[in-house]
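Colleague: I would like to learn how to read a few features from a model. Can we take them one at a time?

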Amino acid sequence: MFTTMELIHHSWAYYLAAWLATLALILLSLRLRRRELNLPPGPKPWPIIGNLNLIGPLPYRSIHALSEKYGPIMQLKFGSFPVVVGSSVEMAEAFLKTHDALFSYRPKLAAGKYTTFNYSNITWSQYGPYWRQLRKICLMELFTAKRLNSYEYIRVEETMLFLRNLYESSGKPIILKDNLLDLNLEVMSRMVLGKKYTNEIVARHEFKEMADELFILGGVLDIGDMIPWLGFLDLQGYIKRMKVLAKKFDRLFEYELDDHNARRKGVDNYEAKDMMDVLLQLADDPTLEVKLERHSLKAVTQDLLAGGTESSAVTVEWAISELMKKPKLLKKATEELDRVVGKERWVEEKDIVNLPFIDAIVKETMRLHPVSPTLVPRMASEDCKVAGYDIPKGTRVLVNVWTIGRDPALWENPNEFYPQRFLGKSIDVKGRDFELLPFGTGRRICPGMSLGLKVVQSSLANLLHGFSWKLPGNMSNQELNMEETFGLSTPKKFPLEVVAQPRLSFHLYSL
Ligand code: HEM
């Protein structure tokens with residue numbers, strides 16, 4: 001006979017044994033499953049950190065080096081999460097064309113949660129009815145060719161102002177990106193909010209810092225996204241920064257929404273004057289498939305205002321930096337402008353089709369300095385096979401356009417900035433040619449692509465047409481630093497400082 005104490009001990013031992021046996025079975029089946037799966041090649045992960053020890057401060061450069069070793073499809077582990085990287089045209093096609101719907105999901109990262117109103121914007125919202133509706137609004141309402149054309153006068157007026165301001169600073173060193181951000185912010189603010197960027201909530205310089213911060217935080221590798229049980233410690237301080245940033249955007253958009261609502265109140269058949277008006281009207285529409293809540297309006301406005309401001313400025317800054325290194329190309333560009341546009345007027349958007357060298361400079365800049373070197377992360381929504389490898393559901397996916405843009409099999413002297421390579425070639429940046437995907441492609445392709453291209457091409461063309469450029473002091477072009485910093489976009493680490501000198505007739509700058 002057992003005593004009560006013995007019975008307790010026995011049943012406890014029994015439960016412990018049963019529990020250990022179950023755990024062993026689970027571990028064994030996971031192991032067997034993993035052995036059965038044919039996962040893409042990749043470095044052996046460490047416990048807890050996975051392969052994070054191999055990822056430096058510029059993750060896409062580390063990923064580039066690893067993909068040279070492991071090939072066009074490889075698997076890494078960021079903490080406990082598998083990350084598959086596609087680094088060739090074939091892999092980009094597999095992820096973004098053949099299996100596009102399956103990989104149109106986004107992983108739920110901290111940036112999306114904290115900085116975009118709990119995944120309410122277009123960029124971070126999950127693939128599904130809500131996201132589809134936002135994309136439809138972009139396609140049918142916000143970025144139609146008609147609407148973009150109707151706003152051309154805004155882009156012209158703001159570009160003229162920008163050029164006049166540069167003229168006033170001529171001879172003195174300027175931070176080019178700062179001026180470009182001003183230009184883009186004014187263009188986007190007038191399109192989205194219906195007015196120049198003025199409000200008493202967030203000063204202009206502060207908004208520019210916020211746009212920069214949004215892009216940095218959008219791309220950081222936050223520990224909590226990779227090792228969730230460490231997330232609460234916020235060891236890198238990113239979550240704190242995200243929350244601070246979110247509060248600032250929230251205050252700004254609350255103010256703008258109230259302001260727009262006040263304008264519409266009591267006016268019958270109010271005619272939308274800007275994109276926020278269009279969004280507010282859609283929010284009132286009872287037939288809309290998924291209701292647009294106030295937080296959605298704020299999140300989409302943020303997508304437009306910040307997305308539209310930062311990416312184009314970063315691209316033009318890189319273009320001018322590359323040209324500063326190669327004065328011969330600068331000369332060739334101005335020769336084309338003088339020949340096609342002449343010295344008595346500014347470049348207009350319609351001139352771009354006749355400026356193949358300017359177009360080639362933009363493409364070459366986007367090849368070597370894609371705004372998002374590994375695009376915005378995707379996620380497998382189901383188990384699937386790519387190139388014979390198993391990609392389990394939930395795997396994060398990066399399409400490595402940075403490496404594709406430097407693939408020696410596709411590009412001669414891939415590391416050289418050589419716009420001429422595009423002359424006479426039909427290859428473009430609009431998602432059709434998988435060797436050049438600065439805007440992504442497929443379902444998640446950048447919805448602001450047409451606008452972004454217009455802004456980049458016309459501001460770059462006018463900068464080259466209106467001014468000759470030199471580096472400050474006695475700095476030689478060899479000394480110009482070309483390092484990057486990384487976030488959701490990849491700007492220059494040290495903003496380009498340049499000196500502009502007018503090269504057209506005086507009266508053109510006083511318009
Ligand atoms: C030079 C300019 C630009 C570049 C290079 C660029 C690039 C990109 C890239 C690479 C993506 C990610 C695509 C993917 O997930 O595969 C993207 C997405 C996006 N871009 Fe742009 N972009 C530019 C301008 C703009 C502008 C002007 C706007 C809006 C005014 C904009 C709004 C967006 C939005 C909302 C998304 C998210 C799309 C989605 O997830 O469905 N972008 N962009």
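This is a predicted model: local features need pLDDT of at least 70, side-chain atom pairs count only at pLDDT 80 or more; totals for chains, interfaces and linings use all residues.

Colleague: How many helices and strands are in the protein chain?

Modeller: There are 17 helices and nine strands. The radius of gyration is 26 Å, close to the 24 Å that the globule rule gives for 511 residues, so the chain is as compact as a globular protein of that length. Along its principal axes the C-alpha trace spans about 110 × 65 × 40 Å. Of the 511 residues, 43% count as buried.

Colleague: Is α15 enclosed or open to the outside?

Modeller: Count its buried residues, meaning those with 20 or more other C-beta atoms within 10 Å of their own. In α15 eleven of the 13 residues are buried, so the helix is largely enclosed by the rest of the structure. Among them are Phe357, Asp359, Glu364 and Arg367. The cover over these buried residues includes α13 (294-325), α14 (327-340) and α17 (449-466).

Colleague: In what order do the strands of the open sheet run?

Modeller: The order is β3-β9-β8, with antiparallel pairing. β3 (173-175) and β8 (467-470) are the edge strands, each pairing on one side only. Between β3 and β9 (residues 497-502) there are three bridges, and Ile174 stands opposite Val498 in β9.

How values were computed. Residues are numbered from 1 along each chain as its sequence is written. A residue is buried if 20 or more other C-beta atoms lie within 10 Å of its own, exposed if 12 or fewer, and partly exposed in between; C-beta atoms are placed from the backbone. Helices (H or I, at least four residues) and strands (E, at least two) are DSSP runs, numbered from the N terminus. Two residues are in contact if their C-beta atoms, placed from the backbone, lie within 7 Å. The radius of gyration is taken over C-alpha atoms; the globule rule is 2.2 Å times the number of residues to the power 0.38. Two strands pair if DSSP finds at least two bridges between them.
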